[in-house]
Amino acid sequence: MQNISLPREVVPGLSDWYRTVSRDLPWRRDPSPYGVWISEIMLQQTRIEAVIPYYNRFMAELPGVEDLTACNDDRLMKLWQGLGYYSRARNLKKAAVTIVKDYGGVLPADYDALRGLSGIGDYTAGAIGSIAFGLPTPAVDGNVMRVVTRIAAWGEDITKPQTKRDITQALREIYPTGDGASLFTQGLMELGEAVCIPNGTPKCAECPISHLCLAYGQGNPTDYPVKSPKKARRVEEKWVFLLSCRGKYAIRKRPESGLLAALWEFPNAPKEEIPAEILTKWGGDPNAMAKGPEGVHIFTHVEWHMTGLRVELSEQHPDFTWATPAEILDIYAVPTAFKVFLKEMEKERTE
Ligand code: SF4
């Protein structure tokens with residue numbers, strides 16, 4: 001297939017439009033490199049509306065790189081609780097330590113140096129570089145790939161890494177610098193989010209660059225981007241135990257690496273295991289077991305299908321940390337994956 005190229009007029013077309021439509025978001029009011037970095041990490045996989053309160057809380061408590069390095073891990077997880085993808089928060093802190101050690105506590109105004117920090121990939125380095133430092137560094141994500149493949153009516157499969165590299169290169173060739181870089185990056189993002197939308201028909205009648213868009217001219221924007229089908233997610237079925245004893249519940253810390261690393265959870269086990277046998281190990285009476293709530297949580301590559309089991313134990317088993325519902329809600333970072341069980345804690349706290 002032919003190489004992709006983009007008309008230069010896309011840059012003023014999108015930048016001028018963005019000036020007129022930009023929303024008043026907290027990280028746009030003061031686009032300091034630190035604020036742009038924190039917002040870009042929070043916005044990965046998370047909707048703008050959901051990020052706003054987290055961003056405000058985070059910036060009020062940790063307003064600079066050094067505050068972030070000094071924040072203890074449990075507090076950091078608590079500030080992140082509910083946003084998901086907790087490795088993002090851990091990587092923020094790791095990167096902050098490097099910024100203090102290697103860059104005097106100031107984010108480096110250099111794409112490769114940004115790219116070398118924990119948790120900063122091509123997209124985020126491009127976004128920070130262009131928005132905070134005015135560098136001509138494209139930030140290419142699914143939204144931008146959709147917009148670009150439509151403008152150029154380019155039918156390469158966007159799940160291939162080479163396609164992303166080609167799109168990035170095509171953008172580099174037309175990227176402005178200074179304020180223009182910031183406006184163009186944000187204009188592309190905004191168009192992808194609000195006009196050239198992912199599901200359903202794009203709002204081409206509202207698009208400021210429809211006259212430059214080949215897919216629009218051909219009448220087939222939804223033929224782009226071309227994407228090979230995703231692999232199905234793995235389903236994991238689990239028992240989740242709400243073990244109570246004298247007003248407290250059993251929780252435990254997850255392993256230090258892997259999914260939801262080092263966060264807190266209710267004891268759980270794969271569905272292949274027999275609940276009565278597990279419970280006996282913890283000193284519980286299988287006959288006292290009652291059905292609890294059920295929940296599903298969807299991660300990127302795996303789904304948890306959870307069935308709750310409630311049991312009152314006569315002794316607090318030492319394998320667990322025992323905490324009241326209020327402590328579980330206020331102190332321990334239990335991820336949203338356990339939302340239905342946290343709701344039970346809410347009910348008990350208010351009773
Ligand atoms: S004209 Fe339509 S398809 Fe083309 S970039 Fe604009 S919104 Fe997307």
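A contact means heavy atoms within 4.5 Å. Among contacts in the chain between residues at least 6 apart in sequence, 67% join residues at least 24 apart.

The model is predicted: local features need pLDDT of at least 70, side-chain atom pairs count only at pLDDT 80 or more, and totals for chains, interfaces and linings use all residues. Residues are numbered from 1 along each chain as its sequence is written, and side-chain values use heavy atoms, with hydrogens and water left out.

Start with the whole chain. It has 16 helices and seven strands. Both are DSSP runs numbered from the N terminus: helices are H or I with at least four residues, strands E with at least two. The C-alpha atoms fill a box of roughly 75 × 45 × 35 Å along the principal axes. Of the 351 residues, 50% are buried. Buried means under 20% relative accessible area, exposed over 50%, and partly exposed in between, with a 1.4 Å probe and protein chains only. The chain exposes about 16,900 Å², and carbon and sulfur atoms supply 51% of that area. Accessible areas come from the Shrake-Rupley method with a 1.4 Å probe; for residues, only the protein chains shown count as cover.

Now the ligand. Which residues surround it? They are Arg150, Val195, Cys196, Pro202, Cys204, Cys207, Ser210, Cys213, Tyr216 and Pro221, each with a heavy atom within 4 Å of the ligand. By class, this shell has eight nonpolar, one polar and one charged residues. Here Ala, Val, Leu, Ile, Met, Phe, Trp, Tyr, Cys and Pro count as nonpolar, Asp, Glu, Lys and Arg as charged, and the others, Gly among them, as polar.

Next, Ser130. This residue lies in helix H9, residues 122-133. Is Ser130 buried or exposed? Ser130 counts as buried because its relative accessible area is 0%. Beyond neighbours within four places in sequence, its contacts are Leu135, Thr137, Tyr175, Gly178, Ala181, Ser182 and Thr185.

Thr324 sits in the loop between strand E7 (321-323) and H15. With a relative accessible area of 25%, Thr324 is partly exposed. Not counting residues up to four places away, Thr324 touches Gly247 and Lys248. Pro335 is eleven residues from Thr324 in sequence, and 17 Å away in space, C-alpha to C-alpha.

Finish at Ile331, in the loop between helix H15 (325-330) and helix H16 (339-350). Ile331 and Arg75 are 256 residues apart along the chain, yet their C-alpha atoms are separated by 8.4 Å.
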